[in-house]
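Subject: The two-chain model, with notes

Hi there,

Here is the model I promised to send over. Have a look at it first, and then read my notes below.

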Amino acid sequence: MPSSIRDKVHRHLDICRQIQPALHQETHAPSPDMIDNAHFRAYTRSPHDIGGEPDIPITWEEKEEEVWEHNTFVTCEVLAWRGVWNAEERRRRQNVEVGETMYLGLPYYGRWLLTAAKILVDKQFITLTELQEKMDEVRKRYE
Amino acid sequence: MSKPHYDRNHHVEKATDIGDPQCFKGEAGKPRFKVGDRVRVRNLPDIFYTRTQGYVRGAEAVVAELVYESPPAEDESWDNTENVEWFYSLVFKMADLWPDYPDYFPNDTVETEIPEHYLEAA
C-alpha cells in the first residue's frame, strides 16, 4: 500500500507543476469527465505546498525591506494582538486562500497586505463598501 | 441581519508573555511515539489547508525529536485550539522521497515537523 501512495505522490507533483497558472491557456470550465480524482486533488490542494514540483531556477537577490513592507508586517501583528486572527489563520489566508494565481503572482508582502484587508471584510469589522470608498479616497490623493 | 460573534481574545490572552506553541505545553497527553521510532506519514486529504507536505506522504521516517505540543495547523487556522497534539521532527532519507535521487549521496536526509495524527507505526 505505501508504495502505491508513493506512486500517487509523484504523479500528483507532476500534475501540480502542469496546472501552475499560465496566461492564454484554455482550461476554463472543464466538463466533469475531464477531471479525474488525481486532477481534483491537484486543483484543491494547498497551493503553498510546492515542494518537489519541478521548476526553473530563479535569481536570488539581496533586497532590504521597504517601508510599506515593514508597515504591512506591523499591521498584521497588531491584528493578531487585537484577536482578529492568530498566526496560523494569517498563514492560511496569505498562502492558500489567495489561490494559486495570486500565491505565485503577487509579491510576498503584497499577499500580507491584501489578506489584512480581506479578513477585516470577512469578519465584518468593516464593510467592502467602506474599504472601496477609502481606497478611492486615498488613490485620489495621488492623482 | 445577525453577525457571527468571534471569541477574539482567547488566544492572545493565552499566549501573551508565554508564546505559541509554548502556551499549549502539557495539553497533548502521552505521546504515541518516541525518539528512534519508525513511522509512516498518512495520506490524508489536503483539501482547504495543510502544512504536511505532499512529498512525504506514504514515506517512512525516523523520529528525531518531540519538538512541541500544538493544535494541528488544519485546526488552529480556523481558531480551533481544543485538540492539542505532539509534533515530531522526522528524518526522511532523500532516496526514499525522490525516485531519481543520485546513488552517490546515499546518506542525504531531510528533517521536517509533522503532527501526531498524520503518523502511523511503520
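One definition before anything else: a helix crossing is called left-handed if the near helix is turned anticlockwise from the far one by less than a right angle, and right-handed if clockwise. Helices (H or I, at least four residues) and strands (E, at least two) are DSSP runs, numbered from the N terminus.

Please keep in mind that this is a predicted model, in which local features need pLDDT of at least 70, side-chain atom pairs count only at pLDDT 80 or more, and totals for chains, interfaces and linings use all residues. Residues are numbered from 1 along each chain as its sequence is written, while chains are lettered from A and ligands numbered from 1 in the order in which they are written.

With that in place, the crossing I had in mind is in chain A, where H4(A) passes H6(A) in a right-handed crossing. Helix H4 (residues 87–97) of chain A and helix H6 (residues 108–122) of chain A pack at an angle of about 115°, and their axes are 9 Å apart. (Axes are lines fitted to C-alpha atoms, for helices over the stretch in contact, and angles run from 0 to 180 degrees between N-to-C directions.) H4(A) brings A:Arg90, A:Arg93 and A:Gln94 to the contact, and H6(A) brings A:Arg111, A:Trp112, A:Thr115, A:Lys118 and A:Ile119. Two residues are in contact if their C-beta atoms, placed from the backbone, lie within 7 Å. By class, the residues of this helix contact are 2 nonpolar, 2 polar and 4 charged. Here Ala, Val, Leu, Ile, Met, Phe, Trp, Tyr, Cys and Pro count as nonpolar, Asp, Glu, Lys and Arg as charged, and the others, Gly among them, as polar.

Helix H6 of chain A also holds A:Leu114. That residue, A:Leu114, is partly exposed, with 15 other C-beta atoms within 10 Å. (Buried means 20 or more other C-beta atoms within 10 Å of a residue's own, exposed means 12 or fewer, and partly exposed is in between; C-beta atoms are placed from the backbone.)

Now for chain A as a whole. Chain A has 7 helices and 0 strands. Its radius of gyration is 19 Å, well over the 15 Å that the globule rule gives for 143 residues, so chain A is more spread out than a compact globule. (The radius is taken over C-alpha atoms, and the rule is 2.2 Å times the number of residues to the power 0.38.) Buried residues are 17% of the 143 in chain A. The domain assignment, which is automatic or from a database, gives domain 1 (2–44) and domain 2 (67–141) in chain A. The C-alpha centres of these two domains of chain A lie 29 Å apart.

Chain B has 3 helices and 5 strands, running α-β-β-α-β-α-β-β from the N terminus on. Chain B, too, is more spread out than a compact globule, because its radius of gyration of 17 Å is well over the 14 Å that the globule rule gives for 122 residues. Of those 122 residues of chain B, 31% count as buried.

Finally, how do the chains meet? In the model, 25 residues of chain B are in contact with 25 residues of chain A. Helix H1 (10–15) and helix H2 (73–76) of chain B each supply at least two residues of the side that touches chain A. That side of chain B has 9 nonpolar, 8 polar and 8 charged residues.

Best wishes
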